[in-house]
Amino acid sequence: MPSRTLQIPTADGQSDAFVAFPDGGGRHPGVLMYADGFGIRPVLREMARELAAHGYYVVVPNLFYRHGPAPLIELPEYIGAEVRPSVIAQVMPMIQAHTTERVLSDADAYLAFLAARPEVGTGPVAVTGYCIGGLLATRTAAAHPGRVAALAAFHAPVEAAGPDSFSKVTAEVHFGHAEGDLTPEALRELNDSLDAAGARYTSEIYPGTVHGFTMADTDAFNPAALQLHWDRLLPLLARTLPKS
């Protein structure tokens with residue numbers, strides 16, 4: 001599976017990004033994958049490669065490139081309870097500095113990058129994200145309704161996007177929530193907002209999960225939930241992104 005690190009020109013400089021795509025040439029639907037707050041690391045590269053193996057050109061940008069190239073902090077191989085607070089303390093200032101204006105400016109650049117790649121087909125793209133990346137994916141889909149055909153977000157604070165964003169999304173949507181993040185009552189309120197916006201969506205709590213359940217290098221990891229994530233994501237992309 002070919003993969004490499006590339007530079008994406010943005011309004012504020014250059015964003016380093018990991019890309020993975022099928023071997024053998026040809027053009028493939030593009031997928032913009034937003035990492036969680038811990039950023040690009042082996043587990044994200046492996047997830048991008050796995051998705052690319054299904055026939056997609058996947059780009060995972062360094063969300064916080066304004067602070068330097070990835071890795072921005074020294075991450076342990078395993079992010080357990082004893083190190084999580086210190087890791088979060090290091091990444092939180094970068095998350096807080098990543099304003100909506102920056103998100104949307106960068107989204108323009110990332111989608112322009114996909115449109116210009118000779119390996120990417122001319123049809124619509126998908127955006128997916130994890131944790132804070134899921135919120136970024138939602139904002140990207142709302143800002144580019146004519147370009148984004150599929151939106152997926154996992155253990156993500158998507159409710160922060162708000163009804164105004166949901167009403168602009170024309171993509172088919174899947175939200176996979178952690179049981180530890182969202183009560184059934186909060187899920188009903190979120191889904192009511194999606195209904196009011198006329199969204200085409202599935203939005204569900206993954207049983208027995210806590211925040212971060214897709215990430216195999218953390219103590220939040222849930223293998224069954226990761227598989228459910230693939231079981232939801234892959235059919236969504238197959239329905240919405242035409243293969244060349």
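**Entry 1: ground rules**

The expected span of a helix is 1.5 Å times one less than its number of residues. Helices (H or I, at least four residues) and strands (E, at least two) are DSSP runs, numbered from the N terminus. I am working on a predicted model: local features need pLDDT of at least 70, side-chain atom pairs count only at pLDDT 80 or more, and totals for chains, interfaces and linings use all residues. I number residues from 1 along each chain as its sequence is written, and side-chain values use heavy atoms, without hydrogens and water.

**Entry 2: helix α4**

I looked up the span of α4. This helix has 12 residues and reaches 17 Å from first C-alpha to last, close to the 16 Å expected at 1.5 Å a residue. Next I checked burial. I call a residue buried under 20% relative accessible area, exposed over 50%, and partly exposed in between (1.4 Å probe, protein chains only). α4 is mostly covered, with 11 of its 12 residues buried. Among them are Ile 132, Leu 136, Thr 138 and Arg 139.

**Entry 3: helix α6**

I moved on to α6, residues 184–196. Its 13 residues reach 18 Å from first C-alpha to last, close to the 18 Å expected at 1.5 Å a residue. Which residues of α6 are buried? I found Leu 187, Leu 190, Asn 191 and Leu 194. Seen down the axis of α6, these buried residues fall within an arc of 95 degrees, so they line one face of the helix. The arc is taken over the directions from the helix axis to the C-beta atoms. On the other side of α6, I noted Arg 188, Glu 189 and Ala 196 as exposed.

I then asked what the buried residues of α6 pack against. They pack against α5 (162–168), β7 (172–178) and β8 (200–206). Contact here means heavy atoms within 4.5 Å. Just after α6, Gly 198 takes a positive phi of about 75 degrees.

Most residues other than glycine have a negative phi, and most peptide bonds are trans. I looked for departures from both.

- The peptide bond from Ala 70 to Pro 71 is cis, with omega near 0 degrees. Pro 71 sits in the loop between β4 (57–61) and α2 (84–97).
- Cys 131 is not a glycine, yet has a positive phi of about 55 degrees. I place Cys 131 in the loop between β5 (125–130) and α4 (132–143). Cys 131 is buried, at 19% relative accessible area.
- His 155 is not a glycine either, and has a positive phi of about 35 degrees. His 155 lies in the loop between β6 (148–154) and α5. His 155 is buried, at 1% relative accessible area.

**Entry 4: the largest pocket**

Rolling a probe the size of a water molecule over the atoms shows where empty space is left. I used a 1 Å grid over the protein atoms alone: a cavity is a set of points where a 1.4 Å probe fits but cannot get out, a pocket is an open set with protein on both sides within 12 Å along at least five of seven lines, and lining residues have an atom within 4 Å of a point. Grid points are joined across faces, edges and corners, and a volume is the space filled by probe spheres set on the points.

The largest pocket holds about 260 Å³ of space. Of its 16 lining residues, the closest to the centre are Gly 37, Phe 38, Ile 88, Cys 131 and His 211. Which element gives the most to this lining? It is α2, with five residues. By class, I counted nine nonpolar, five polar and two charged residues in the pocket lining. For the classes, Ala, Val, Leu, Ile, Met, Phe, Trp, Tyr, Cys and Pro count as nonpolar, Asp, Glu, Lys and Arg as charged, and the others, Gly among them, as polar.

**Entry 5: cavities**

I found two cavities of 30 Å³ or more. The largest cavity holds about 120 Å³. Of its 16 lining residues, Phe 38, Gly 39, Ile 40, Phe 64 and Leu 72 are the closest to its centre. Its lining has 13 nonpolar, three polar and no charged residues.

The second largest cavity holds about 30 Å³. Its lining includes Thr 138, Leu 151, Phe 166 and Leu 194. I logged seven nonpolar, one polar and no charged residues there.

**Entry 6: Leu 151**

I followed up Leu 151, which is in strand β6. Leu 151 counts as buried, at 0% relative accessibility. Leaving aside neighbours within four places in sequence, Leu 151 is in contact with residues including Val 127, Ala 137, Thr 138, Phe 175 and Leu 236. Leu 151 and His 229 are 78 residues apart in sequence and 13 Å apart in space, C-alpha to C-alpha.
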